Amino acid sequence: MSNINILWVDDEIDLLKPHILFLEQKNYIVTTCQSGTEAIEVIEEQNFDIVFLDENMPGLTGLETLSEIKEKKANIPVVMITKSEEEYIMEEAIGSKIADYLIKPVNPHQILLSLKKNLDHSRLVSEKTTSNYQQEFRKIAMDMAMVNSYEEWADLYQKLVFWEIQLEDIEDAGMFEILESQKNEANMQFGKFIDKNYEDWFQPNSEAPIMSHTLFRERIAPELSKEQPTLLVVVDNLRYDQWKAFEPVVNNHYKKEKEEPFYSILPTATQYARNAIFSGLMPSDMEKLHPNFWKNDTDEGGKNLHENDFLTAQMKRLGLSHLKHEYYKITNLKNGRKLVDSFRGLKDNDLTVVVYNFVDMLSHAKTEMDVVKELASNDKAYRSLTVSWFKNSPLFEMIQQAQQLGFKLIITTDHGTINVKNPSKVVGDRDTSLNLRYKTGRSLTYEDKDVFAAENPKSIHLPSITMSSSFIFAKGDLFFAYPNNYNHYVSYYRNSYQHGGVSLEEMVIPFVVLNPR
């Protein structure tokens, strides 16, 4: 440890000679003062990394000196050294933002610990996190070879998200690259798992996860009652890591009762996955039972205009018609503000559903707007943008009001998104759907290894647009590109956030139940 400058202020500084020698042997540079007044002069002329300050001095007291120091150099850590354990002194000192306090007589090791805690904290945390991840890395790599059920995949993905957020603040690019490659490897294996198992999830009596179309019946309905109003928030495109990033903000107002990831159906696209949540049906059944509400990819008009109709029909089917519900879709700031202003009026509903489109706007804007491309250039930035939006959003104000009114809160989403990096060539006729992560149409030509293909859409409960239509879903971080105008198209969409395909980010998504604090 070299070149750490310490200022030590004590009216009996001579008695501290052994401590000062001890620190100098450890290569710290120590400047001493005998009064508060002297300390303030020295601080104006020199830069210090930390100040040790005696509380009980003649002339300016320690606390008075502290507030002068903070006025001049607000960011310098000050460690208070006090003879007395009187509460008011500690409260005053802590209120004045001291970094630490020590009770006399101090021994050299306490001083050293305080220095490490205050100056080395971020480095020590960073080293500890890195070494923990290195151990965990081997474990995750071994797990990945063994994972063979949807529960294990959800656990593994949550682990990867945990480490991604832990490593986020660490200036170790190497570690981050290891994690990135581990995520890519996980998505490759997950793609194979979906190839092998997805179709079976729809067989009667099969071992299937909770998915979009069973979420309401299995997870949401049991939470509803006449006794407590429920606010169900569906944030479009909310990935697991984005939820984890703003969870601490929600925790100030709500305590978590349950957090259980579930699986989005394919395609991981709004018109399929979100309609499935509200209708409690798979797309081919929606088409059959509600032909007036369902639209296929190639049909004209809005694809998500009937969520409330679907929900009403599902509640009736589940025998929940006695519960009073209202549905709101927020697609811009003005709508959001309007709902915040009238929120108190919702306390008489048993269920209030708010579909919030922000993250969707963000991921689509990322392709359209260079400024958003800059702000959300990678997952870390994308998370940070989500948190800063959330803290300042009407949605957060609604959640705060819901807490005051005693609402139960459920937060979930329809599907996640993935940052697409690599193109995969596909050829289709002019009626082929436009999404970058899935295609449906006749006579599609594609790279087999890049996709999960459903030659017969009915086998995964999707509608067939024509007799010979099939569906293909891009795996991992791939996106589909047509051969014509290929280079322009690829450079435009590369590194943008897309959804519709097969990846942990798109398919393994949060479902969280919370109660007011």
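1. The backbone here deserves a look in a predicted model. N27 has a positive phi of about 75 degrees, yet N27 is not a glycine. The residue sits in the loop between helix 1 and strand 2.

2. N485 is a second case of this kind. Its phi is positive, about 60 degrees, and N485 is not a glycine either. Is N485 buried or exposed? It counts as exposed, because its relative accessibility is 56% and the cut-off for exposed is over 50%. N485 lies in the loop between strand 18 (478-481) and helix 19 (486-493).

3. One joins K104 and P105, with omega at about -5 degrees. P105 belongs to the loop between strand 5 and helix 5 (108-119). The other runs from L266 to P267, with omega near -10 degrees. P267 is in the loop between strand 8 (262-263) and helix 11 (270-279).

4. Now the overall picture. The chain has 517 residues, and 54% of them count as buried. It holds 20 helices and 21 strands. Along the principal axes, the C-alpha atoms fill a box of roughly 95 × 50 × 40 Å. Take the contacts in the chain with a separation of 6 or more: 73% of them come from residues 24 or more positions apart.

5. In what order do its five strands run? The order is 2-1-3-4-5, the sheet is open, and the pairing is parallel. Strand 2 (28-33) and strand 5 (100-103) are the edge strands, and each pairs on one side only. From one strand to the next, the twist averages 20 degrees.

6. Strand 4 (residues 78-82) pairs with strand 5 in the parallel sense, over four bridges. Opposite I81 stands L102 of strand 5. Helix 3 (residues 62-72) packs on the sheet and touches strand 3 (50-54) and strand 4. The direction of helix 3 makes about 155 degrees with that of strand 3.

7. Recall that the loop between helix 1 and strand 2 holds N27.

8. Strand 14 has a partner. Four bridges join strand 14 to strand 17 (residues 470-474), and the two run antiparallel. Which residue of strand 17 is the bridge partner of K439? It is I472.

9. For helix packing, take helix 7 (residues 150-167) and helix 10 (residues 240-251). They pack at an angle of about 50 degrees, and their axes are 10 Å apart. Helix 7 makes the contact through Y157, Q158, V161 and I165, and helix 10 through Y240, D241, K244 and A245. These residues divide into five nonpolar, one polar and two charged.

10. Last, L323. Why does L323 count as buried? Its relative accessible area is 7%, and buried means under 20%. L323 is found in the loop between helix 13 (307-317) and strand 9 (325-330). Leaving aside neighbours within four places in sequence, L323 is in contact with L224, S225, K226, M315 and D350. T37 is elsewhere: the C-alpha atoms of L323 and T37 are separated by 70 Å, and the two are 286 residues apart along the chain.

Note on methods. Residues are numbered from 1 along each chain as its sequence is written. This is a predicted model: local features need pLDDT of at least 70, side-chain atom pairs count only at pLDDT 80 or more; totals for chains, interfaces and linings use all residues. Side-chain values use heavy atoms; hydrogens and water are left out. Two strands pair if DSSP finds at least two bridges between them. Axes are lines fitted to C-alpha atoms, for helices over the stretch in contact, and angles run from 0 to 180 degrees between N-to-C directions. Contact means heavy atoms within 4.5 Å. Ala, Val, Leu, Ile, Met, Phe, Trp, Tyr, Cys and Pro count as nonpolar, Asp, Glu, Lys and Arg as charged, and the others, Gly among them, as polar. Buried means under 20% relative accessible area, exposed over 50%, partly exposed in between (1.4 Å probe, protein chains only).
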